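Here is a short report on one protein model.

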Amino acid sequence: MRYLVLALLVGCSAPERIASNAGDIRTLAESSRSRFMDHDDPAGVAEQAAIIEKAAAISVDATLVDPTSPAWQGTLELALWAGLAIALCVILWQTGLGAMLRGLVGWIPQRQRSAAKLLREAVDNPDKIREAAAAVRTADPMISAAWKG
């Protein structure tokens with residue numbers, strides 16, 4: 001399990017890992033073969049030579065392996081991107097940049113448009129001040145809470 005997580009984090013493909021491991025096996029076998037030669041053990045030398053040949057064959061065959069991603073990897077990647085997009089939207093909204101971007105795009109909610117219309121009418125006709133205040137309070141819950149407090 002630990003190696004699976006490490007492989008996911010490192011991100012190298014299966015053929016690269018196979019070739020790397022085959023190279024490590026070959027290096028170890030060459031070292032072991034030299035020790036067998038020092039001890040004058042022809043059977044050990046022959047065995048290590050066979051291991052070296054098989055490791056070389058594995059390195060060659062690793063180039064023929066087609067690295068495919070598991071089916072769940074695409075879903076996980078999509079979920080991570082979606083989570084990142086949602087987190088970005090939340091951060092923009094909470095910092096106040098969302099309202100600024102809305103204003104730049106020109107999108108003003110209907111409640112706030114109607115409140116602004118009533119405020120314009122209240123400026124022209126002072127009898128409509130109560131209606132304008134009520135519209136502003138319904139358009140923005142924060143103003144309504146501050147009004148009550």
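The report below starts with helix pairs and ends with distances along the chain. The model is predicted.

**Helix packing**

Two packed helices are described by the angle between their axes and the distance between those axes. Take α4 and α5. Helix α4 covers residues 71-95, and helix α5 covers residues 97-105. Their axes come within 4 Å and cross at roughly 90 degrees. An angle of 65 to 115 degrees counts as roughly perpendicular, so α4 and α5 are roughly perpendicular to each other. On the α4 side, the contact uses L92, W93 and T95. On the α5 side, it uses L97, G98, A99, L101 and R102.

Now take α7 and α8. Helix α7 runs through residues 129-139, and helix α8 through residues 141-148. They pack at an angle of about 120 degrees. Their axes are 5 Å apart. That angle makes α7 oblique to α8. From α7, the residues in contact are A133, V136, R137 and A139. They meet P141, I143, S144, W147 and K148 of α8.

**A nonpolar patch**

Which residues make the nonpolar surface patch of about 400 Å²? The patch is made by L97, M100, L101 and L104. L104 lies in helix α5. Its relative accessibility is 67%, so L104 counts as exposed. Two other patch members, L97 and L101, also take part in the α5 contact with α4.

**Salt bridges**

How many salt bridges does a search of the whole structure find? The search finds two. They are listed here.

| R26 | E30 | 3.3 Å |

R26 and E30 both sit in helix α2. They are four residues apart, about one turn of the helix. R26 has 35% relative accessibility, so it counts as partly exposed. E30 has 34% and is also partly exposed.

K128, at 28% relative accessibility, counts as partly exposed. E121 is partly exposed too, with a relative accessible area of 26%.

**Serines in helix α2**

Helix α2 spans residues 14-38. Is S32 buried or exposed? Buried means under 20% relative accessible area. S32 has 14% relative accessibility, so it counts as buried. S34 has a relative accessible area of 37%, which makes it partly exposed.

Most residues other than glycine have a negative phi. D40 has a positive one, near 55 degrees. D40 lies in the loop between α2 and α3, and α3 covers residues 42-62. At 67% relative accessibility, D40 counts as exposed.

**Sequence against space**

S32 and P109 are 77 residues apart in sequence. In space, their C-alpha atoms are 77 Å apart. S34 and A56 are 22 residues apart along the chain. Their C-alpha atoms are separated by 18 Å.

Terms used:
Residues numbered from 1 in each chain as written. Predicted model: local features only at pLDDT ≥ 70, side-chain atom pairs only at ≥ 80, totals over all residues. Heavy atoms only, no water. Patch = residues over 30% accessible without salt bridge, like charges linked within 9 Å, V, L, I, M, F, W, Y side chains within 5 Å. Areas by Shrake-Rupley, 256 points an atom, 1.4 Å probe, with all protein chains shown as cover. Salt bridge = Lys/Arg side-chain N within 4 Å of Asp/Glu carboxyl O. Helix = DSSP H or I, 4+ residues; strand = E, 2+ residues; numbered from the N terminus. Buried < 20%, exposed > 50% of the residue type's maximum accessible area, 1.4 Å probe, protein only. Axes fitted to C-alpha atoms, helices over the stretch in contact; angles between N-to-C directions. Parallel < 35°, antiparallel > 145°, perpendicular 65-115°, else oblique. Contact = heavy atoms within 4.5 Å.
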